[in-house]
Amino acid sequence: MSFREETEDGRGDLRKPFLHTGSWYRMGSRQSSMMSSSQAIRDGSISVLACVLIVALGPIQFGFTCGYSSPTQSAITRDLKLSVSQFSLFGSLSNVGAMVGAITSGQIAEYIGRKGTLMIAAIPNIIGWLAVSFARDSSFLYMGRLLEGFGVGIISYTVPVYIAEIAPQNLRGGLGSVNQLSVTIGILVAYLLGLFVNWRVLAVLGILPCLLLIPGLFFIPESPRWLAKMGMTDDFEASLQVLRGFDTDISQEVHEIKRSVASTSRRTTIRFADLRLRRYWLPLMIGIGLLCLQQLSGINGVIFYSTTIFESAGITSGNAATVGIGIIQVIATAVSTWLVDRAGRRILLAVSSTGMAASLLIVAVSFYVKGFVASESSFFSILGIISVVGVVCLIIFFSLGMGPIPWLIMSEILPPKIKGLAGSLATLANWFLSWVITMTAPLLLNWSGGGTFTVYMVMCILAVLFVSGWVPETKGKTLEEIQQSFR
């Protein structure tokens with residue numbers, strides 16, 4: 001796998017953005033007083049926020065895909081006469097498709113730009129949802145799920161990278177966390193709508209985020225850092241100007257980005273041998289490590305078993321359990337979005353991992369003790385309530401740090417030269433482990449509930465050690481300053 005690098009001899013012009021829609025904001029930067037719409041985007045923070053809200057439709061689609069199978073399981077298995085194993089395969093195929101999407105995401109984003117990549121990701125999502133909606137047998141169902149997963153795999157890399165590259169340094173953490181917040185909103189929306197509409201209508205509704213995303217992409221600028229890397233100087237400065245506001249002096253930021261791009265090697269390919277250099281292998285290791293530990297914490301396995309845990313506490317409604325979990329995730333992730341640029345990334349990751357380890361310890365001990373208590377006793381019911389408290393605390397702590405911040409850190413620390421290759425590898429590792437945890441959780445829980453949660457607890461302890469020893473604080477730094485620190 002190789003990626004073309006920007007050079008100053010004109011070769012960077014061989015690449016053009018797939019969506020070259022910058023004329024409106026170039027004209028606006030010269031004639032910003034001609035139209036009231038120009039005045040509306042004069043404030044740089046408003047302009048960046050608008051861009052983030054548009055691309056956040058991608059993660060909402062991501063979350064909707066993740067949440068779709070939960071409220072539709074009984075109806076789909078009944079209507080299409082699927083076995084439990086066939087529906088389990090349907091649920092897991094999104095992870096398989098996402099792995100394929102992850103492999104290609106970095107190269108596509110490097111070659112045609114961030115906006116064009118999101119456009120490409122939206123198309124298989126739309127086709128996939130239509131295939132699911134009109135499915136008459138398992139084959140169309142499986143094909144649709146694979147296509148949805150492929151699009152989601154691309155989205156999961158491209159959106160955090162785009163947000164990190166357009167956001168000012170003082171807002172980058174909060175805006176970057178909007179990615180995970182949007183995922184949780186998508187999951188919750190799927191849960192809620194699934195209570196009121198059948199699975200075919202729900203699949204049609206799954207098209208809406210991408211149908212809104214596609215036209216929205218024509219009204220936002222391309223990533224200025226990608227344009228600079230490709231040698232498109234005029235477009236780069238126009239993009240940055242509209243993002244920061246037409247009255248803002250961007251000369252210093254322009255100089256920093258140009259200097260960063262100029263400091264990269266003039267060689268047109270990135271070789272795997274280059275990854276031996278500290279400035280490349282260290283950020284790659286940190287990015288992959290965080291995204292792997294995010295999944296090894298077992299959050300997907302715990303959510304898989306959460307309905308059973310809630311039932312042990314007397315909450316017999318599976319819908320109440322899933323919607324409750326969805327609401328908790330949205331609220332806690334929103335708090336993280338507010339905190340990340342105030343408290344910093346490292347402390348939130350450390351607090352999150354520590355809290356998750358403590359929560360899993362509570363759940364594990366409850367399961368161990370249950371083995372020695374009669375199921376008819378009141379103490380057994382108390383242990384069920386304690387398990388629910390542990391699960392709720394686990395979800396809260398995950399959403400505060402280990403949910404949103406690994407994606408944010410990955411998008412911040414990867415150097416431009418290896419971002420496509422390294423980002424693809426990190427995203428692939430995350431999706432692969434997501435699939436592994438999802439597939440192994442039922443087997444492990446059948447083996448031993450307490451043992452399973454103990455294993456996940458050990459992974460969270462390793463995450464605390466990893467964050468303490470390796471993860472840098474990126475709060476308040478420009479992307480160029482972060483990447484310079486690895487040299």
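The structure is a predicted model, in which local features need pLDDT of at least 70 and side-chain atom pairs count only at pLDDT 80 or more, while totals for chains, interfaces and linings use all residues. Residues are numbered from 1 along each chain as its sequence is written, and side-chain values use heavy atoms, with hydrogens and water left out.

The secondary structure of the chain consists of 22 helices and 0 strands, where helices (H or I, at least four residues) and strands (E, at least two) are DSSP runs numbered from the N terminus. Of the 487 residues, 57% count as buried; in these terms, buried means under 20% relative accessible area, exposed means over 50%, and partly exposed lies in between, with a 1.4 Å probe and protein chains only. The chain exposes about 19000 Å², of which carbon and sulfur atoms supply 67%, the areas coming from the Shrake-Rupley method with a 1.4 Å probe and, for residues, with only the protein chains shown counting as cover. Among contacts (heavy atoms within 4.5 Å) with a separation of 6 or more, 83% are made by residues 24 or more positions apart.

Side chains of opposite charge can pair when their charged atoms come close. A salt bridge is taken here as a side-chain nitrogen of Lys or Arg within 4 Å of a carboxyl oxygen of Asp or Glu, and by this rule the count comes to 13 salt bridges. In one of them, the side chains of E412 and R172 meet with an N to O distance of 2.7 Å. Because E412 lies in helix α19 (residues 405–413) and R172 in helix α8 (residues 172–194), this pair ties together parts that are 240 residues apart in sequence. Both E412 and R172 are buried.

Another salt bridge joins E237 and K258, whose closest N and O atoms are 3.1 Å apart. This pair links distant parts of the chain, with E237 in helix α12 (residues 233–244) and K258 in helix α13 (residues 251–262), 21 residues apart. Here E237 is partly exposed, with a relative accessible area of 31%, and K258 is also partly exposed, with a value of 38%. A salt bridge is also formed by E253 and R244, with 2.9 Å between the closest N and O atoms; R244 counts as buried, at 11% relative accessibility.

An α-helix has 3.6 residues a turn, so residues three or four places apart point the same way. The C-alpha atoms of I382 and S366, which are 16 residues apart along the chain, are separated by 9.3 Å.

Helix α21 (residues 449–470) has 22 residues and should span 32 Å at 1.5 Å a residue, which agrees with the 32 Å between its end C-alpha atoms; the expected span is 1.5 Å times one less than the number of residues. At the start of α21, a side-chain oxygen of S448 reaches to within 2.9 Å of the backbone nitrogen of G451.

Technical notes:
Polar contact = N/O pair within 3.5 Å; in protein donor to acceptor, adjacent residues only side chain to side chain.
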